[in-house]
Amino acid sequence: MAAFTMHTSAATSPYSPAGTAILLRSRSRSYSYPTAATTTIRVSCSKTTVVIGVAADSGCGKSTFTRRLTSVLGGGAEPPRGGNPNSNTLVSDTATVICLDDYHSLDRAGRKAKGVTALDPRAIDFDLMYQQVRAIKDGRAVEKPVYNHVTGRIDPPELITPPEILVIKGLHPMYDERVRDLLDLSIYLDISNEVKFAWKVQRDMAERGHSLESIRASIEARKPDFDAYIEPQKQYADAVIEVLPTQLIPGPGDDEGKVLRVKLIMKEGVEHFAPVYLFDEGSTVNWIPCGRKLSCSYPGIRFAYGFGTYFGHEVSVVEMDGQFDKLDELIYVETHLSNLSTKFYGEVAQQMLTHADLPGSNNGTGLFQTIVGLKIRDLYEQIVARR
């Protein structure tokens, strides 16, 4: 049964005193810590960190999304200076992005020996993940392990001090209920099987010399764990960016997945998060903007807006099918969207042009990732203002 139904008519981690950071660690780690690291460290804890969760399968756009997000928040994100060159962490002026692969309880050899994949919860230290995200949210620094994607081993930890916004991205940000409850907003990037296969074929055949059969076998080997442990998390997401094959080209005319239909599914009633709408809030809209103000080559562009239910939650949905020819004309579309949380006229178009080199910049993936980034900035500012 489809999770989304569109309507066509209206309708116990210990708390430390302020100013003290406790460096939480896993007792199961094989590496040792220097004696100095066992003491507490004084940090500024005047504000509670806002925590954002981003979930998706591997290769589905988490890194691209976080680049757009940190740009919206102000300043590009870079690896920690002077730290592990294989660190997965990114730090900007406002936000810190951590990769949840760092909470692997088994390294690559350990997973192989036990016959589990990285998607299997048995390969993840959820206790440590919860303790450290909770500590950061409460204003305490932590020593977070580093999973080295080059060697497949778990490296010594790195110090993470509380930022204004913490983004946790990976396979399991909403799997553990304790971690899920710490999130101020959660996003799921939902790439359909057809598009995921097309993307992987393009990358692995062209760049890595893999055969079509080996690619298909790799996807099928991961699918049971993905279906069991990763995909169910989208029911908890406040916003879902769903990427599907186009409906503008009949039949299997776009088997390379170059033209995409993208939906932004936004849960109603989320605090500090007002869903975006097209033309008239609460209506059902189909719009073909191609014409004098928007250049559209074959197969054109179609937008839609409506509302419905998604895993039992009331949602609003904006959809884009097709791709832009000229990004500087995107401002025409932007003026017809409301509740964008922009700070000035044309900010969405400006952000898209700034990152025109990123994947999805000519279609709905880039557009909706940018919009969600703006909504996260607005959510953060509302939370700060309330405090």
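The following legends describe close-up views of a predicted model.

**View 1. The chain as a whole, with its secondary structure and its accessible surface.** The model is a predicted one, in which local features need pLDDT of at least 70 and side-chain atom pairs count only at pLDDT 80 or more, whereas totals for chains, interfaces and linings use all residues. Residues are numbered from 1 along each chain as its sequence is written, and side-chain values use heavy atoms, with hydrogens and water left out. The chain has nine helices and 17 strands, both being DSSP runs numbered from the N terminus (helices: H or I, at least four residues; strands: E, at least two). Of its 387 residues, 54% count as buried, where buried means under 20% relative accessible area, exposed means over 50%, and partly exposed lies in between (1.4 Å probe, protein chains only). The chain exposes about 17700 Å², of which carbon and sulfur atoms supply 50%; accessible areas come from the Shrake-Rupley method with a 1.4 Å probe, and for residues only the protein chains shown count as cover.

**View 2. The bend in helix H6.** Helix H6, which spans residues 212–230, bends by about 40° at lysine 223, and proline 224 follows within four residues. The bend at a residue is the angle between axes fitted to the seven residues ending there and the seven starting there. Buried residues of H6 include Ile215, Ile219, Asp225, Phe226 and Ile230.

View 3. Leaving aside residues up to four places away in sequence, lysine 234 touches Tyr188, Asp190, Val240, Tyr310 and Phe311, contact being defined as heavy atoms within 4.5 Å.

**View 4. The disulfide of cysteine 290 and cysteine 296.** The structure holds one disulfide, a term that denotes a pair of cysteine sulfur atoms within 2.5 Å. In the link between cysteine 290 and cysteine 296 the sulfur atoms are 2.2 Å apart, and the value of -90° about the S-S bond makes this link left-handed. Cysteine 290 is partly exposed at 29% relative accessible area, as is cysteine 296 at 25%. Cysteine 60, by contrast, counts as buried at 4%, and cysteine 99 is buried at 8%.

**View 5. Proline 145 in strand S7.** Proline 145 belongs to strand S7, residues 142–147, and is buried, with a relative accessible area of 2%. Although proline 145 and leucine 100 are 45 residues apart in sequence, their C-alpha atoms are 10.0 Å apart in space.
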